[in-house]
Amino acid sequence: MQIQKSGKTHFLYIEQGEKVMESLTNYCKEKGINNGRLSGIGAVRDIEIGAYDLESKSYLKKQFEEEYELISYQGNVTLKDGDPFLHAHVMIGNKELKTRGGHLFECEVAVVGEFILDQIEGSAKRELNPNIGLATWCLE
Amino acid sequence: MQIQKSGKTHFLYIEQGEKVMESLTNYCKEKGINNGRLSGIGAVRDIEIGAYDLESKSYLKKQFEEEYELISYQGNVTLKDGDPFLHAHVMIGNKELKTRGGHLFECEVAVVGEFILDQIEGSAKRELNPNIGLATWCLE
Amino acid sequence: MQIQKSGKTHFLYIEQGEKVMESLTNYCKEKGINNGRLSGIGAVRDIEIGAYDLESKSYLKKQFEEEYELISYQGNVTLKDGDPFLHAHVMIGNKELKTRGGHLFECEVAVVGEFILDQIEGSAKRELNPNIGLATWCLE
């Protein structure tokens, strides 16, 4: 991963073969970035995305092995069990420009990964919400 | 809605059963946030989205009652008739990860609603453009 | 194009009939904005988008002439050959709210074009990566 920082804004270039969620999470942990916002575009492969099923309190997941455009990546960084934790949703597009999208578990950069992280000074955190079955934002 | 503010950046957690556009609009009105940018992810239901038809100067609307991933929410805050007004477009995804999207009228949080608002000091406003049939940005 | 600037944040209203990539690129060149982030929503037509094919090192392109909602526009500004260069991905939706998306070559505003540009002080640039066949971010 290549990095360029300007104030609280970080340009993060994730290179071919590097994992997106792992690279960004490690970066936040190393730099002590507890809260933030992430956006990004690029082209990725070996994508695992899902949709949450509230009734079963679990994610329905699908894998996409081939190369897809990363049309939209929107994410946030909050604290979970004391460590920076990323939550991101993505839209991907195939060579026919057809789209799929959902909660991103992981993907690998196939061509380029151009991400921008805004570091936010805050202590927003997640705690398990048993009714929902997920660690949800606790802001107050 | 839970809130955490860091400078001009607001983490806004819209909880299960709360309406997204109503909650965010009320927040901007209460806090006097006249201009801003919004992004967000989550899972929503009872969604009304549409596409503008320039010829008839009206929106073609559709309802989606079930639970959908909120894959992308992009919006802005400007003044309309003196009050903060939100304009947002969304991408939603179903359990098969298939997507739909358009102009968001309203939706309700089904699982979580994680939004980030950047307050912008400005006086950008909207005024009715009769040729378009919508209140459009007036910046100068 | 109408403009309103607040600190490093620029509200940019691209009007009916104006080209999106051309207008935003010219703005960055005129104002000397070398690095930045762009987001936007609106409704566009005469859209050319594509997906990169790593094997042939070329984009597979498609044209969409009709009016589409611009559901998501995510882009960044870096330097290429010494000039500001925009890279953006978009999601578009038709009147049935069905979606397509990919790398944006160009489109024209059909109804409105509401963009927000964050100027970033930096020197992030692109250089041709022969293995990839594109000018990719060089941050270090």
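**Labels and their cut-offs**

Reply: Over all chains, the count comes to 24 salt bridges, a salt bridge being a side-chain nitrogen of Lys or Arg within 4 Å of a carboxyl oxygen of Asp or Glu. This is a predicted model, in which local features need pLDDT of at least 70 and side-chain atom pairs count only at pLDDT 80 or more, while totals for chains, interfaces and linings use all residues. Residues are numbered from 1 along each chain as its sequence is written, chains are lettered from A and ligands numbered from 1 in the order in which they are written, and side-chain values use heavy atoms, with hydrogens and water left out.

Me: Why does B:Asp118 count as buried?

Reply: Buried means under 20% relative accessible area, exposed over 50%, and partly exposed in between (1.4 Å probe, protein chains only); B:Asp118 has 8% relative accessibility, and therefore counts as buried. By the same rule, A:Lys95, at 26%, counts as partly exposed.

Me: Which side chains make polar contacts with that of B:Asp118?

Reply: The side chain of B:Asp118, a residue in strand S7 of chain B, is joined to that of A:Arg37 by a polar contact of 2.5 Å, and to that of B:Thr9 by another of 3.3 Å. A polar contact is a pair of N or O atoms within 3.5 Å, where within protein one must be able to donate a hydrogen and the other to accept it, and residues adjacent in sequence count only if both atoms are side-chain atoms. B:Asp118 also belongs to a network of salt bridges that links A:Arg37, A:Asp118, B:Arg37, B:Asp118, C:Arg37 and C:Asp118.

Me: How do you know that the span of helix H1 of chain C is close to the expected one?

Reply: The expected span is 1.5 Å times one less than the number of residues; H1 of chain C has 12 residues and reaches 17 Å from its first C-alpha to its last, close to the 16 Å expected.

Conventions
Helices (H or I, at least four residues) and strands (E, at least two) are DSSP runs, numbered from the N terminus.
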